[in-house]
Amino acid sequence: MNRRTHNGRLIGCTMLLLTGGEAMAHDAKPAPADPIVVNGRRQIGETQPLRHFDAEELRAMGITSIKDMMQRLGAQLKGADGANPVFAINGRRPLDDEEVQSLPFDAIQSFDLLPQEAASAMGYPPNQPVMNFTTKAKFQGFEAMANGQTSTDGGGGTGDGRFAMTRLRGKKRLTLTATLLQQSELRQDRRSIRPDPSLPYDRIGNVTGADGGEIDPQLSALAGSPVTIAAVPLDPDARQTLAAYLPGANQPHVTDPGAYRNLQPRQSTMKIAGFFSQPISDRTTAALSLSIERQRSWALQGLGTASLLVPAGNSSSPFASDILLNRYLDEVPALTQNGSIWTLHAGLGLIGGFSGWNWSLRLNHDRKRSQTDSDLGFDMANVQDAILLGGDAFSPFSAGQIGAAIRDRARSTITTNDAQLILNGQFLTLPAGPVAVTTTFNAQRSSSDSLSRAFPDANVVLGRSQGGSSLAATIPIASAADNVLPFLGRLSVDLSGGVNAVSRYGPLYTAHASLVWTPVKRVQLLATLKRAETAPTLDQLGAPRIATPNMPFVDLVSGESLFVTSVYGGNPDLSPERRRTLTLTANIQPLRTDAFRASLIYEDATIHDQSATISVLTPAIAAAFPDRFLRDAAGQLTTVDLRPVNLYRERQRTVKATLSFSGEVGSKPEKPPEGQPPSMTYLYASLTPALRLEDRLSLSPGTTPLDLLDGDNIVASGGRPRWDVQGDMGLYRNGIGMFVQSVWHSGSRARSMIDTADLRFASLGTTSVTVYADMERLLPKAGWAKKLMIDASIRNIANARPAVRDRLGDTPISQQPAYLDPLGRVVSLRLFKRF
């Protein structure tokens, strides 16, 4: 069965479920939407929500999944430092991500976005905002989703499907899900990408001097200047004549290898997951989560290459000196890289309460096994021996002459077992209110076993044990409602501290202090100081070393943009990260409505020994990490080591503002007849500009700090943009909605004294539009339209791509737009059906 037929049958089966599955749903009617009564604010602290959405508002925005919510609300869901949010269900921390990701949105009664200080009350790091979902008391249903997308430039299409079943009865829940994703490959020849003329390789061949210098003094005399590279003549009978190389002197053949290299791999992912929770007593609920996922990928990595020594005196060579023949090997298949990843997760949780305290115990087992097979080249020993014995160097090689592919196999297995106990409740009651306390105890044992054929000296077996505890408390100081220091309004302090003993690194400490002040009803001010020490992950330490040939890279030392062999993997010598962050926040509701909100956040962060991957070579980076970059005898960069390193110190200062409106507009409609959905017009709009005031990085002690906002950089995408702006707008009316998102990043610079290394990265703005229709609202009498949502979207409407120019106005080879964004404009269609 070919891939198109397989994908067509998959989509066809899913369409059948979407349009004809009503017969399966006789008993799948949602129960009345009575919410579980949970005092989420008291559990999480007295901080007011930043945003509140009920079920109708979520439906109005066309939200059917957590992914939709992250897109629709965008920057509002991130912390001041860009940290992603964490989750809560009914005011408590979920057992694992699967409990949240598999939660159907039909089962959600309301959603609250809580500020960052609420996270510590559930044992999360205190720098992340919290997404809290309140579920309905009763719910039962099925849901199916089918989605297809493709690039308007052609290639790179993706199709995915999902089927889920959920039954919810108070604290009892069963969810089963199955997902499948198929991603098509995208080859380089589908895009407008010019080949690299600096590469010496070609299908016919180019000759160079054996020592990287002049090929032959006689050829240089004929050309009138030194000749260091020459194209092999197309006519086989002329290749023994020196004059035949004169037309190609310093003008080598250039082969476009685009048909043999992928910009996007072919990939398939399948996942099956289940979640079950069941009360085992009046106060205790048990939960079980299981999932297994398999991912496979395949990619072309370009043609193999060979540089063969042709000695002087060889009958096929007209040169008086030894030369190198540089060829692409199109007689054999292109180089490939295949990968597979198996992931297993099992989680067991117990949640309960006693004497006014809540507790939860979580036990998790995770296992990840990965394998990557990479072609690095071909064994050319037989061909080289034949040339040294006098064979014709310039004739095409037979597949029998070329030896087997040189293949690297890298394997890695990471196993983690952990346990966490969380206790939270009211420790005592002060005049201004109760003191909420959260205590967390954790223990973990993990191991990593990795090996690589190409780097046997890098094979490593790591084991780690860690354990620790933390304590968090919310202390009310003033409360106008309780007539305690009423002139202060409402004032409280959040404090937390913890220690985690990690094998090899010793004790690592965290501390957090936050002052939360509400001087008047619609104004909230927060000041937060955090310190955290974090050990690198086992993946960062022990991932297998993998070499990938023919990867684009920017060498700003020489001013070259070229293709190299990139080495990825773990670094067992990484140190723990130390971070200090001061955050000042103001949340304001300037109008007499919750619909309009404004926030202003200032953040000052200092980071020591952060683990980072450097993807560009500059003079400063070359001086700090000289052993990470290898050059050949001619001084050209050939291999770069992109494993993570520790960066000594970085100072960041950022200001971010958010203006948002979310709510019904127009006159309030009359209550609809029973059984009919309400008629409403809902508007959502937000604008979030962020300004980086400072971003200075010292690569190592004693070095001059790099100004990442003014021409210094450590990644191929250039320096950090000073401005990031995101604007979102959604409008929904009686079954039809539209969501528009625009993102703009200001330009940046990579400064250099070399013309070809002085790069300017233009500002980039993209706009995406999604149009969705609630078919049940549009066609209430059509049975097939019941609970069917259809949306179509265009991502990057203008097909805008990054634009990079050097001082001469040219675009470096490795910075061509299609390299930086292979897909460009993407169109998609999604069908979502609930039963």
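A salt bridge is defined here as a side-chain nitrogen of Lys or Arg within 4 Å of a carboxyl oxygen of Asp or Glu. The model shown is predicted: local features need pLDDT of at least 70, side-chain atom pairs count only at pLDDT 80 or more, and totals for chains, interfaces and linings use all residues. Residues are numbered from 1 along each chain as its sequence is written, and side-chain values use heavy atoms, with hydrogens and water left out.

**View A. A network of salt bridges links Arg749, Asp755, Asp758, Arg760 and Arg807.** Within this network, the side chains of Arg760 and Asp758 meet at 3.0 Å, N to O. Asp758 has a relative accessible area of 1% and is therefore buried, a term that means under 20%, with exposed meaning over 50% and partly exposed the range in between (1.4 Å probe, protein chains only). Arg760, at 37% relative accessibility, counts as partly exposed. The salt-bridge rule gives a count of 29.

**View B. Arg643 and Asp641 form a salt bridge.** The N to O distance is 2.8 Å. Arg643 and Asp641 are both buried.

**View C. Arg696 and Asp707 form a salt bridge between distant parts of the chain.** The two side chains meet at 3.7 Å, N to O. Arg696 belongs to strand β31 (residues 681-698) and Asp707 to strand β32 (residues 706-707), 11 residues apart. Helices (H or I, at least four residues) and strands (E, at least two) are DSSP runs, numbered from the N terminus. Arg696 is partly exposed, with a relative accessible area of 39%, whereas Asp707 is buried at 16%.

**View D. Arg191 is buried without a salt bridge.** This residue is placed in the loop between β8 (186-187) and β9 (206-209). The nearest side chain of opposite charge is that of Asp153, 4.4 Å away; Lys and Arg count as positive and Asp and Glu as negative, while His and the chain ends are not counted. The Arg191 side chain does reach the backbone oxygen of Asp153, at 3.2 Å. Residues in contact with Arg191 (heavy atoms within 4.5 Å), leaving aside those up to four places away in sequence, include Ser151, Leu263, Arg801 and Pro822.

**View E. Phe105 and Phe133 form an edge-to-face aromatic pair.** Rings of Phe, Tyr and Trp (its six-membered ring) pair if their centres lie within 6.5 Å; planes under 30 degrees apart count as stacked, over 60 as edge-to-face and the rest as tilted. By this rule there are nine aromatic pairs. For Phe105 and Phe133 the centres are 6.2 Å apart and the planes stand at 75°. Phe105 lies in the loop between α5 (97-101) and β3 (108-114) and Phe133 in strand β4 (residues 130-135), so the pair ties together parts 28 residues apart in sequence. Both residues are buried. Phe53, Phe105, Phe111 and Phe133 form one aromatic cluster.

**View F. Tyr245 and Phe319 form an edge-to-face pair.** Their ring centres are 4.8 Å apart, with the planes at 65°. Tyr245 is in the loop between β10 (229-231) and β11 (262-264), and Phe319 is in the loop between β14 (304-310) and β15 (323-329), 74 residues apart. Tyr245 and Phe319 are both buried.

**View G. Arg545 lies over the face of Phe455.** The distance to the ring centre is 5.6 Å. A charge sits over a ring if NZ of Lys or CZ of Arg is within 6 Å of the ring centre and within 35 degrees of the ring normal.

Methods
A polar contact is a pair of N or O atoms within 3.5 Å; within protein, one must be able to donate a hydrogen and the other to accept it, and residues adjacent in sequence count only if both atoms are side-chain atoms.
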